[in-house]
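Please have the sequence and the coordinates at hand.

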Amino acid sequence: MSDSCCGTIAVEIEQFTTPQQTSPGQAGELPVVVIGAGPVGLAAAAHLTERGIDFLLLEAGDRVAASVAQWGHVRVFSPWKYNIDAAARRLLEADGWTAPDADWLPVGAELIDDYLAPLAKRFGDKVRLGAKVTAISRLGYDRVRTAGREEVPFLIRLEGGEELRARAVVDASGTYTSPNVLGASGLPAHGEGAVFVDHALPDVLGTDRDRYEGKHTLVVGAGHSAATTLLALAELENTPITWAIRGGSAGRTYGGGDADALPARGALGTRLRAHVDSGRIQLLTDFFTHRVGESEAGIEVISRDPAGHEQSVRVERIVSATGYRPDHAIASELRLDLDPILGSPRQMAPLIDPNQHSCGTVPAHGVDELAHPEPGYYAVGVKSYGRAPTFLMATGYEQVRSVVAALAGDWEAARDVQLELPETGVCSSNLVQAQEQRVGLATGISGGLLSAPLPLVTVGASAESGGGCCG
Ligand SMILES: Cc1cc2nc3c(=O)[nH]c(=O)nc-3n(C[C@H](O)[C@H](O)[C@H](O)COP(=O)(O)OP(=O)(O)OC[C@H]3O[C@@H](n4cnc5c(N)ncnc54)[C@H](O)[C@@H]3O)c2cc1C
């Protein structure tokens, strides 16, 4: 029994002296757990391997890079030379692997087959598939208890109940599995849960063709993913297409056309505008999705703008291309310091805020910007950007290089953060145009602001933000 400000209450103290409580030395002997075998989680594994740090990589899917596999038909816009992590390259080359053509733009499936799958194979049983993390905490500690907190191991619970311990957690679980809702205010539209809504980037011209051909399809969203899907749908005969955006004009999505600094983006926008101008695609502006309902006549989607004005459309299919948001639920017992707008680590937010960085120029950043009050927990990769849409694999690779150096105690290397993205190299116009003619164009970061291009300049830790590819 103990006195407290609220009177005498029973206090259980056993939990704090449990024999399972591990000394710092014991925690240090545990593996680092990496969550998610996407490009960044696998890069973390490569750096841990090089540093000789034991690790376990947990992947929810039944294959590596399960999220990339979802958009396996989509061609990326950054060539191979920016898509391969340096430590991963060294490990693979030591095994006789030959890197793909440095200037080629792979589709997601090629990223997996030619790089990520061979890399995962290199790690053997340190990669566990079908291992979905449902919660992370600290052994014997909830979020409130402080004394000695940093000395006890992390506790990681998997779907099915199995629990693991770790000395540190590198959370590279991405955002692809937590898409934004259709509802215009960030809340699900009324009825959204009861109607089948396709996620962004269905394989309209491939495996999903039958689902869309001849079906009136509504695409919601103003980013690359929406544009990519709309252009693919426009190739299907007898397939009415409606495109709904919240803004008053599609100018941002069209980009700069011929004058666009990113030719691939300009080409995408020019084609899209032509389809809208010709009436092939019906554009609905000021569309604030409010209610969705299905009947025998089809799916009715009702918009209600902030002034209460309504408009509606009746369709047969809906593709939601409204972007992604991070899901921090698995880490809710940890002490996170998140930016209230983006949901990224607070210190990252000014570096990646799409409101301020319309050119998407992201300064180099590493362990210091990724740190939370919870020592030893780092969210990395696209998850670390929260809702900011301009993430690049190359940025994630530098993040995990820095984090792993810090875990190894090499703070000099951890803080020597660099991003080497040449001014025009990531989205080379000649390359994109040449490849487009050979394989057809289908690029995009889903949910991204089409007007917020990617970081394309060499920037060091002290470099100023801004500028870049769009000049
Ligand atoms: C269509 C598209 C095109 C893109 N094009 C480019 C490009 O050209 N260049 C570029 O640099 N970037 C591009 N990106 C952005 C970014 O590089 C990719 O999204 C990249 O896949 C992010 O890597 P990641 O490892 O952080 O996350 P992901 O690739 O999303 O990997 C996360 C992994 O974690 C797993 N996972 C999720 N939850 C759990 C859990 N609870 N437990 C265990 N495992 C879990 C998932 O199954 C997944 O395998 C593109 C993105 C998209 C969607």
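Which residues does His216 touch, not counting residues up to four places away in sequence?

## Surroundings of His216

The model is predicted. In it, His216 touches Pro240, Ile241, Thr242, Val313, Arg314, Val315, Glu316 and Arg317, with residues up to four places away in sequence left out of the list.

His216 belongs to the loop that runs between helix H6 (209-212) and strand S10 (217-220). Its relative accessibility is 17%, and because the cut-off for buried is under 20%, His216 counts as buried.

## The sheet S13-S14-S15

Three strands make up an open sheet, ordered S13-S14-S15, with antiparallel pairing. The edges are taken by strand S13 (289-295) and strand S15 (310-315); each has a single partner strand, so one side of each lacks a neighbour in the sheet. From one strand to the next, the twist averages 20°.

Six bridges join S13 to strand S14 (residues 298-304) in the antiparallel sense. Within this sheet, Gly293 stands opposite Glu300 in S14.

## Helix H12

Helix H12 covers residues 393-407, which is 15 residues.

Is H12 mostly covered or mostly exposed? It is mostly covered, with 14 of its 15 residues buried. Gly409, which follows H12, has a positive phi, near 85°.

Methods
Residues numbered from 1 in each chain as written. Predicted model: local features only at pLDDT ≥ 70, side-chain atom pairs only at ≥ 80, totals over all residues. Heavy atoms only, no water. Helix = DSSP H or I, 4+ residues; strand = E, 2+ residues; numbered from the N terminus. Buried < 20%, exposed > 50% of the residue type's maximum accessible area, 1.4 Å probe, protein only. Contact = heavy atoms within 4.5 Å. Expected span 1.5 Å × (residues − 1). Pairing = 2+ DSSP bridges. Axes fitted to C-alpha atoms, helices over the stretch in contact; angles between N-to-C directions.
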